Amino acid sequence: MTLTVYNTLTRRQEPFETVEPGKVKMYYCGVTVYDYCHLGHARACIVWDVVRRYLQFIGYDVRFVQNFTDIDDKILNRARQEGSSMKAVADRFIKAYFEDMRQLKIKDADEYPRATHTMNGIQRLIHDLENRGYAYPAEGDVYYAVRQFPEYGKLSGRKLEDLQVGASERVNVDDPDYQKKREPFDFALWKAAKSGEPYWESPWGKGRPGWHIECSAMVRDRLGETIDIHAGGADLIFPHHENEIAQSEAVTGKPLARYWLHNGMVKVDGEKMSKSLGNFITIRELLERGVDPMALRLFVLMAHYRKPIDFTDEAIAAATNGWQTLKEGLLFGYKHGKELGTRDWGLETRKETNQRELDSSQYPITSTQSPMPDPYIERFQKAVNDDFNFPGGLAVLFELAKELRREGNLLVHEGKTDTPPEELFEQWQTLLTLAGVLGLEAQIEEEKPNSDGLTDAEIEALIQKRQEARKAKNFAEGDRIRNELQAQGITLIDKPQGTEWHRN
């Protein structure tokens, strides 16, 4: 089974082959830190988190770098509004980013470079472009000469003639910045400092970098000249990723990335999400409404990553119901392992149902706790290997979870299962492993009685009294205790080896 991915650059699905065998260099264009993360950020971060996890699952050593854009007009505007600084705003929202993403179980990247920490690399790249004739200074600014790069437009499919017409129609010809450009579609690599703005010293004067050059420099500094995967939202294809290619490849003469992958956009009730429409939803707002983080994660994974998704009340309700089904399966061993206890189910060693670290040394798992009933693993990989078809992979998880739920119900109501405990253990382990690949984690909840309910110790004491009554052939008293427990939501199951119970 070979992994194939859709490459935006070639507009076709291709076998996945890395620059260095067994290793993946992956860069994701991260967030501009001027506000809290919204549903669009949630989708992108979940998608690329799971892509990374899956690559590790199938044996790749993945180095994953995600940047923070901490120099931007939006950040500066917010700082002015708050009477703060660009750094203070950026630091605050980077902290908020990690708070939100950890709730969604997003694994940390290997490195989070910031534009402000990459200033030497940015200036070095601009200098290289200028020396090669791809950049020109203009009154403290530096612009990229788009016409000098013959392959400009190869990612987005745009043509220079159309770009020239479009740029000419959009700009004010009396704008001083426009008048500095040789061509209307040229873009800024370095911007001269304006009064009151933060700035950095440079060979072209005091100023700050343009947005596009930041990512080119961070990729070059952290991952090298050619990486395997460059990922981001579809809204970044043009101009951001197109400009990254022009900047990087003009200097190196090599492809910036082998594969360009882009996730689809998020709509809310069929409309583009925007503050002006009043449908702008941040991650923390959604979670504060009571939406389970895993239900949100599942909502994202239930759609193919390249397709747009529509966030509606019905869609999140369906994802919530789906998560309850998966959660029951993931908790199967914790609820029923002792009843089926023909082997060590590992119930005392894990606080979460899929706490294993996802790295290439542990996946696929082949230890004595092997979760590898081959058909499930193979069907999961066959689905996901088709351009990261996570909805197809989820179908395998739902099949396992529903089967475990059915067996759990049989055990509760009939005291037995249709499937041998060893096989149930393997199915449970498989579900845990595949859920871990998708970052779906079910917490083990401590059962706490209501203020007027019975504690576990009180239940055990009543069961002991019932057993003593039955031994004395006082069956009326035994039935009275059973009925008393039943009235308080406790079901008893009499077995040859003793009486078991569970809360309804």
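Which residue's side chain meets that of K154 in a salt bridge? The partner is E151, at 3.6 Å from N to O. This pair is taken up again in one of the legends below, which describe close-up views of a predicted model.

View 1. Of its 504 residues, 53% count as buried. Contacts between residues at least 6 apart in sequence join residues at least 24 apart in 74% of cases. The protein exposes about 23,300 Å², and carbon and sulfur atoms supply 47% of that area. A search of the whole structure gives 34 salt bridges.

**View 2. An open sheet is formed by four strands in the order 4-3-9-10.** The pairing is parallel. Strand 4 (61–66) and strand 10 (257–263) each have a single partner strand, so one side of each is left without a neighbour in the sheet. From one strand to the next, the twist averages 20°.

**View 3. Strand 3 (residues 23–28) and strand 9 (residues 227–233) run parallel and are joined by three bridges.** Y28 has A231 of strand 9 as its bridge partner. Helix 8 (residues 237–252) packs on the sheet and touches strand 9 and strand 10. The direction of helix 8 makes about 160° with that of strand 9.

**View 4. Helix 7 (residues 211–223) lies across strand 3, strand 4 and strand 9.** Relative to strand 3, helix 7 runs at about 155°.

**View 5. The largest nonpolar core has 138 residues.** W48 and F388 are the residues with the most contacts inside this core. Helix 1 (residues 39–57) supplies the largest share of the core, twelve residues. Leaving aside residues up to four places away in sequence, F388 touches L3, T4, V5, V51, Y54, L55, L261, H304 and Y305. A second, separate core has eight residues, including I459, L462, I463 and I481.

**View 6. E183 and R147 form a salt bridge, with the closest N and O atoms 2.8 Å apart.** E183 lies in the loop between helix 6 (176–180) and strand 7 (187–192), and R147 in the loop between strand 6 (141–144) and helix 5 (160–170), so the pair ties together parts that are 36 residues apart in sequence. E183 counts as buried because its relative accessibility is 19%, and buried means under 20%. R147 counts as partly exposed, at 41% relative accessibility.

**View 7. R102 forms a salt bridge with D108.** The closest N and O atoms of R102 and D108 are 2.8 Å apart. R102 is partly exposed, with 47% relative accessibility. D108 is also partly exposed, with a relative accessible area of 36%.

**View 8. K154 and E151 meet through their side chains in a salt bridge.** The N to O distance is 3.6 Å, and the cut-off for a salt bridge is within 4 Å. K154 has 25% relative accessibility and counts as partly exposed. E151, at 43% relative accessibility, counts as partly exposed.

**View 9. A network of salt bridges links D35, R78, E82 and R92.**

Notes
Residues numbered from 1 in each chain as written. Predicted model: local features only at pLDDT ≥ 70, side-chain atom pairs only at ≥ 80, totals over all residues. Heavy atoms only, no water. Pairing = 2+ DSSP bridges. Helix = DSSP H or I, 4+ residues; strand = E, 2+ residues; numbered from the N terminus. Axes fitted to C-alpha atoms, helices over the stretch in contact; angles between N-to-C directions. Contact = heavy atoms within 4.5 Å. Buried < 20%, exposed > 50% of the residue type's maximum accessible area, 1.4 Å probe, protein only. Areas by Shrake-Rupley, 256 points an atom, 1.4 Å probe, with all protein chains shown as cover. Core = buried A, V, L, I, M, F, W, Y, C linked by side-chain atoms within 4.5 Å.
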